Amino acid sequence: MSQIVLPVFHMPFESTGCNVGMEETKHAAWTWAGTHGLELSPPARRKMLRTRPELWISLIFPRASQPHLDLFCQWLFWAFLVDDEFDDGPAGRDPGMCEKAIARLVDVLDGAPPRGPMEDALEELRERTCRGRSAHWVRQFRRDTVCWLWTYYAEAVQRAAGRIPTRADFAKHRRDSVAMQPFLDLHEITAGIDLPESARSLPAYIALRNAVTDHSGLCNDICSFEKEAALGYEHNAVRLIQRERGTGLQEAVDEAGIQLARVAERVRKAEKDLVAEMDAAGIEGATREALEACVRDYRGLVRGDFDFHARAERYTRPDLAEREDRAALSEFFAA
C-alpha cells in the first residue's frame with residue numbers, strides 16, 4: 001500500500017487534559033481482568049497494551065474520581081476483548097455462533113447467571129454500574145449496550161452473505177457499533193446527573209449525542225483504515241467512500257476528513273439548538289444544569305477521543321497493528 005497522508009483536522013474544541021489517575025486505573029484494569037480469569041494470549045496482551053484503554057478513558061473523563069475512572073476503564077477493557085473476539089475470531093464469521101454468543105451476553109446483562117469469565121466479568125460490571133441508578137437510566141444504558149453488541153451479528157451476517165453496506169446504511173450502523181453511546185450514559189455517573197426522560201427526548205439532545213458518536217466512529221475509521229484494509233475488513237467509512245465514489249484511497253481519506261469537520265460543526269449546532277429548546281420548554285433548575293453539563297463535557301469528550309487516536313499505537317502504528325492482528329487471527333483459528 002502506498003503511503004497515505006492523513007488529512008489535517010480542524011478541532012474546534014479545546015483539550016480538557018488527562019485524568020491524573022491514568023496509571024492507577026491501568027493497574028486496576030489489568031488486576032481486575034486477572035481476578036475474573038480474563039487470560040489474554042501474548043498477541044492479545046500486546047494488542048491491549050498498544051490500545052491503551054486507560055488513555056482513552058482518562059482523556060474523555062479527565063475529572064472523574066478514581067473509582068469511576070476504574071469502573072469505566074474496566075468496561076472499556078471488556079469491550080475491547082469483545083471487539084477483538086468478534087472481529088478476529090471465528091464467531092465474527094459464523095452468524096450462528098455469533099448469535100448464540102451475543103444472546104448469552106445480553107441474557108447476563110438482564111440478570112441470567114454467567115457461564116464463563118467474560119460473562120462473569122459482565123455480571124460484575126453491570127452490578128457495580130447500575131447500583132443506585134434510576135430505572136430510566138438503566139433502560140437507556142441497557143438499550144445502548146445491547147444495540148452495540150448486536151452490531152457484531154449484523155456484520156457477521158453481511159460477511160457471510162458477501163454484502164457490503166452502502167455508506168448511508170453504514171453511518172447508521174456505525175452510530176451503534178462504535179460503542180460511544182454507553183459511555184455517554186456512563187458520563188452521567190461521574191457528572192453526578194440523571195437526566196429525566198423529557199430531557200433525553202429533546203431533539204437537540206438526541207442530535208448532540210448522535211453527532212458526538214458519529215465523530216468518534218468516523219475518526220476511528222480514518223485512523224484504522226490501513227490496518228483494516230490490509231485484513232480485508234469492509235466495515236470502514238473510508239473504504240466505503242472509496243468504493244461508492246470510485247476514487248483512490250488518498251481521495252477517500254481526504255473526503256472523510258472533510259466529513260469529520262462537518263460532524264464537528266453538527267456538534268456545535270446541536271449545542272445552540274439545545275439552548276433554544278430548553279428556553280422553549282421552560283427547562284430550568286437541576287435539569288437545565290444537567291443538560292448544560294452534557295454540553296460542556298461532551299466537547300471535552302470529542303476532543304479527548306480525537307487526541308486518543310493521535311496517541312495510541314493501535315492507530316499510530318498500523319504496520320505493527322496489522323502484524324499483531326494477523327498473529328492473533330492465526331492463533332484463534334489454530335485453537
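1. Arg52 is partly exposed, with a relative accessible area of 23%, where partly exposed lies between buried (under 20% relative accessible area) and exposed (over 50%), using a 1.4 Å probe and protein chains only. Arg52 sits in the loop between helix H2 (42-51) and helix H3 (53-60), helices being DSSP runs of H or I with at least four residues, numbered from the N terminus. Its phi is near 55°, a positive value in a residue other than glycine.

2. This is a predicted model, in which local features need pLDDT of at least 70 and side-chain atom pairs count only at pLDDT 80 or more, while totals for chains, interfaces and linings use all residues. Residues are numbered from 1 along each chain as its sequence is written, and side-chain values use heavy atoms, with hydrogens and water left out.

3. Ala179 counts as buried, at 12% relative accessibility. Most residues other than glycine have a negative phi.

4. The axes of helix H5 (residues 95-109) and helix H6 (residues 117-130) come within 9 Å and cross at roughly 30°, the axes being lines fitted to C-alpha atoms over the stretch in contact, with angles from 0 to 180 degrees between N-to-C directions. The contact (heavy atoms within 4.5 Å) is made by Arg104, Leu105, Val108 and Leu109 of H5 and by Glu119, Leu122, Glu123 and Arg126 of H6.

Key. Helices (H or I, at least four residues) and strands (E, at least two) are DSSP runs, numbered from the N terminus.
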